[in-house]
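Here is a short briefing on one protein model. Please look over the sequence and the structure before reading on.

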Amino acid sequence: MEISQEKIKYKRISKRKKTFSSNYKKNLSILTESIFPLPWAIWPYEAKILVVLIGIWSISGICILGSSSWWVASREMGNWAYFLKKQIVWTIPGIGLFYFVLNTNIRNLLKFSRIIFFILFFLIFLTNITGITVNGSSRWLVLGNLRLQPSELIKPFLILEASNLFAHWNLIKNDKKLISIFSFGLLILLILKQPNLSTASLTGILFWVMGFCGGVKLSSLCSFASLGFITGFISILNNEYQKLRVTSFLNPWEDQQESGFQLVQSLLAIGSGGLFGQGFGLSIQKLQYLPFMYTDFIFAIFAEEFGLLGCTIFLGFLTVFSYITVRIALKSRNNYTKLVSIGCGVLLIGQSIMHIAVATGSMPTTGLPLPFISYGGNSLIASFFIAGMLLRCSLESTGFIGMISTRKTLN
């Protein structure tokens, strides 16, 4: 009798577990379908990997920022978590914007992108007139308690506007081509005027790569590239601030207490990391030896704490991210999503590589943040927007979403 009662009790418990498990899976499925534009089960593997990579990038970025900024925050702000808290506050609207973009057709983003593009274009023009100057550059507008950096916020809309232009390059009339190219060129000149050579260079690279993938003749692209190099060279000659950075890049040890100070300290940080690093939170250079250790040179602090092994893993992470981006572009069903995905990859990966190149002395010192890691709300918002577009392009490659509105528009 006791054995039979135990069997009955076991059957009841197992039945309850199965019912709970099935209800849990059903509720989870309903929740994911209500949150995401497609059920998780039919997501392409690129999208599944991408959302994991974005999560790892953003969460690890907060941890790295907290480690690199706590000392200067405690000394200057009286609160070791000052910059960390502000970054987390900016992460909340960033995730909200990511969710909004993920649930919006790329076609709809392309439709309203021009209006926002020209609004930010005008704000960039205003930064050259009324913007506040920090470290020799006028990149910020102050609106009450809010500091805007339009050259960062405009990056997602650069991708969208370039996609509008290059998706059907051969079908666009010449006058429209000239107007678009003129507006892009004027934008680059305005960014150079701030001066912000790094963002201007990244913008030029973005247009060049998207134009190449859109079918623009290589001879025309080479002409534009030559013009860009000449313009950049003239900008360096006319700005003592940029000239000092270039000369210090060539030989930072010649004037290691003045113009070469940042790069020398960055190289010391990277070199002292060794193979396995000093350990998380144990960087010496962040004790206010290295300037801008939580923004422009945050990779140097990362290299000091995690060493060559950590840097190799991070570069491998960027390689996997690049591969997934190329896969998404190849699987795209129209030129628009193909170019948008390429542009997203160029900005996120290209900006990361340029930041690393600056920290390692491979290119002149410039103020270019590391996406998802460097401190700054404007950069973080733009990065989440771009990541949302890239993930949306992957979901639209399935053909289950985004295709109906595209056909209607083309017909």
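At what angle do the axes of α11 and α12 cross, and within what distance do they come? The model is predicted. In it, the two axes cross at roughly 25° and come within 6 Å. Angles under 35 degrees count as roughly parallel, so α11 is roughly parallel to α12. The notes below take the helix pair, then a loop residue, then the cysteines.

**Helices α11 and α12**
- α11 covers residues 261-272, and α12 covers 298-331.
- The crossing of the two helices is left-handed.
- On the α11 side, S266, A269, I270 and S272 take part in the meeting. On the α12 side, the partners are A300, A303 and E304.
- Among the α11 residues that meet α12 are S266 and A269; both S266 and A269 are also buried.
- The 12 residues of α11 should span 16 Å at 1.5 Å a residue.
- G274 follows α11 and has a positive phi, near 65°.

**T295 in the loop**
- T295 lies in the loop between α11 and α12.
- Is T295 buried or exposed? T295 has 14% relative accessibility, so it counts as buried; the cut-off for buried is under 20%.
- Which residues does T295 contact, leaving aside neighbours within four places in sequence? The contacts are H355, S374 and Y375.
- T295 and S68 are 227 residues apart in sequence. In space, their C-alpha atoms are 9.2 Å apart.

- How many disulfides does a search of the whole structure find? The search finds zero.
- C344 is in no disulfide, and its nearest cysteine sulfur is that of C393, 5.9 Å away.
- C393 is likewise in no disulfide, and its nearest cysteine sulfur is that of C344.
- Why does this pair not count as a disulfide? A disulfide needs the two sulfur atoms within 2.5 Å, and the sulfur of C393 is 5.9 Å from that of C344.
- C344 has 0% relative accessibility, so it counts as buried.
- C393 is buried as well, with a relative accessible area of 1%.

Technical notes
Residues numbered from 1 in each chain as written. Predicted model: local features only at pLDDT ≥ 70, side-chain atom pairs only at ≥ 80, totals over all residues. Heavy atoms only, no water. Buried < 20%, exposed > 50% of the residue type's maximum accessible area, 1.4 Å probe, protein only. Helix = DSSP H or I, 4+ residues; strand = E, 2+ residues; numbered from the N terminus. Contact = heavy atoms within 4.5 Å. Expected span 1.5 Å × (residues − 1). Axes fitted to C-alpha atoms, helices over the stretch in contact; angles between N-to-C directions. Parallel < 35°, antiparallel > 145°, perpendicular 65-115°, else oblique. Left-handed = near helix turned anticlockwise from the far one by under 90°.
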